[in-house]
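Please look over the sequence and the model shown here before reading the notes that accompany them.

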Amino acid sequence: MWGDGISNVKITGTGTIDGNGILTSSDSPGSGQGDKAIALKLSDHIEIGGVDSGHRLNLQRFGHFALLATGVDNLDIHNVHVPNFDTNQRDVFDIMQCNDVTVTDIYSENSKDDVVKLGSDYSLGYVRSMKNVRVDKITADSNCNVFQIGSETVGSITNVHVSNLTVLGAGKSGFGISVNDGSIVDGVTLDGTNVMTGTTSPFFIEISNRGRAPSAGIGQIKNVSISNVTATNTKGSRGEYTASISGYKDGSGTHYVENVTLNNIKITAKGSHPFSDASITELIKLFIYPSGMIERKCRYL
């Protein structure tokens, strides 16, 4: 299903939208081959979801994206279930340069990529900012991130409130912010009760420079608050990495992540590391695209 320039549309109920193995999860679909269950562009007042937590809309075998929303305002996603299929399920919700968005009560049993992803790219041919996003009650197991801002970050992204993440496993992180293309990410809150297990990293915040837009400079991340996170068994499918906050340094200077508040964070990592790990103080950042993993020398002891 797709919509371009549509308004006041609902896709609701307790049925199932099933790609039936036809939609591909490949980065390079063939001519005429679909890779999305739902695609929306430059639309407004869209609702997608079930009735309540006991009566959900099911999305399955949806290819690369269950939903790719680009430039959609007043978007409401709620009460969605993603069953446990091993193939043809990659990104669940990719929400790009959208405003006034709500994503609530999502249960995703299996996805190969991000479950809830916010970003801003140059696919419209111009920069479009993103603001006013509310994400709440996400329960998910992902081979990537359960919640992430990025990696595509061209326009500014402001006023994002996330709460009550239950992370059953994450090949990258439970919560991540990655600014790579000149965006300013300002005003992000994670609160409520956030429980994570089996994450390669519980959370990360980082700035880089991949410059995927005309005249893209170095972006900024500021005014971030992370509260009430309990993470156990912090070793995921791709290894174990410390929760980290990383700025960026180049010939123009040092670009800091600014004004980050951490409150009531409890992280339990596996032991049995060598004693020599205690002397490691430096950080090494390596981007391995498309997996996107950020490698660190730091470890919890």
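The report below takes up confidence, the nonpolar core, the aromatic rings and the charged side chains in turn.

## Confidence in the model

This is a predicted model, and its chain averages a pLDDT of 89, with 92% of the residues scoring at least 70. Over residues 284-301, however, the pLDDT is below 50, although this stretch has 58 contacts in the model beyond near neighbours in sequence.

## The nonpolar core

The largest nonpolar core has 59 residues, and those with the most contacts inside it are Phe93, Ile95, Ile138, Phe147 and Phe175. Strand E14, which covers residues 157-179, gives the most to this core, with nine residues. When neighbours within four places in sequence are left aside, the contacts of Phe93 include Leu59, Leu67, Ile77, Val80 and Ile106, and also Lys117.

## The aromatic pair

A search of the whole structure finds one aromatic pair. The ring centres of Phe147 and Phe175 are 5.3 Å apart and the ring planes stand at 15 degrees, so the pair is stacked. Because Phe147 lies in strand E13 (residues 147-153) and Phe175 in strand E14, the pair ties together parts that are 28 residues apart in sequence. Both Phe147 and Phe175 are buried.

The structure holds ten salt bridges, among them one between Lys10 and Glu47, whose closest N and O atoms are 3.5 Å apart. This pair links strand E2 (residues 7-12), where Lys10 lies, with strand E5 (residues 44-49), where Glu47 lies, across 37 residues. Lys10 counts as exposed at 63% relative accessibility, whereas Glu47 is buried with a relative accessible area of 18%.

Another salt bridge joins Asp181 and Arg212, with the closest N and O atoms 2.9 Å apart. Asp181 belongs to the loop between E14 and strand E15 (184-191), and Arg212 to the loop between strand E17 (199-207) and strand E18 (220-232). Asp181 is buried, with a relative accessible area of 2%, while Arg212 is partly exposed at 28%.

## Charges around strand E9

The side chains of Asp27 and Arg90 meet in a salt bridge at 2.9 Å, N to O, and link the loop between strands E3 and E4 with strand E9, 63 residues apart. Asp27 counts as exposed at 53% relative accessibility, whereas Arg90 is buried at 17%. Together with Asp113, Asp27 and Arg90 are linked in a network of salt bridges.

Which side chain of opposite charge is nearest to Asp91? Asp91, which also lies in strand E9, is buried yet has no salt bridge, and the nearest such side chain is that of Arg90, 4.1 Å away. Beyond residues up to four places away in sequence, Asp91 touches several others, including Phe62, His64, Asp113 and Lys117.

How values were computed. Residues are numbered from 1 along each chain as its sequence is written. This is a predicted model: local features need pLDDT of at least 70, side-chain atom pairs count only at pLDDT 80 or more; totals for chains, interfaces and linings use all residues. Side-chain values use heavy atoms; hydrogens and water are left out. Helices (H or I, at least four residues) and strands (E, at least two) are DSSP runs, numbered from the N terminus. Buried means under 20% relative accessible area, exposed over 50%, partly exposed in between (1.4 Å probe, protein chains only). Lys and Arg count as positive and Asp and Glu as negative; His and the chain ends are not counted. A salt bridge is a side-chain nitrogen of Lys or Arg within 4 Å of a carboxyl oxygen of Asp or Glu. Contact means heavy atoms within 4.5 Å. A nonpolar core is a set of buried Ala, Val, Leu, Ile, Met, Phe, Trp, Tyr and Cys residues joined through side-chain atoms within 4.5 Å. Rings of Phe, Tyr and Trp (its six-membered ring) pair if their centres lie within 6.5 Å; planes under 30 degrees apart count as stacked, over 60 as edge-to-face and the rest as tilted. pLDDT is the predictor's confidence in each residue, from 0 to 100.
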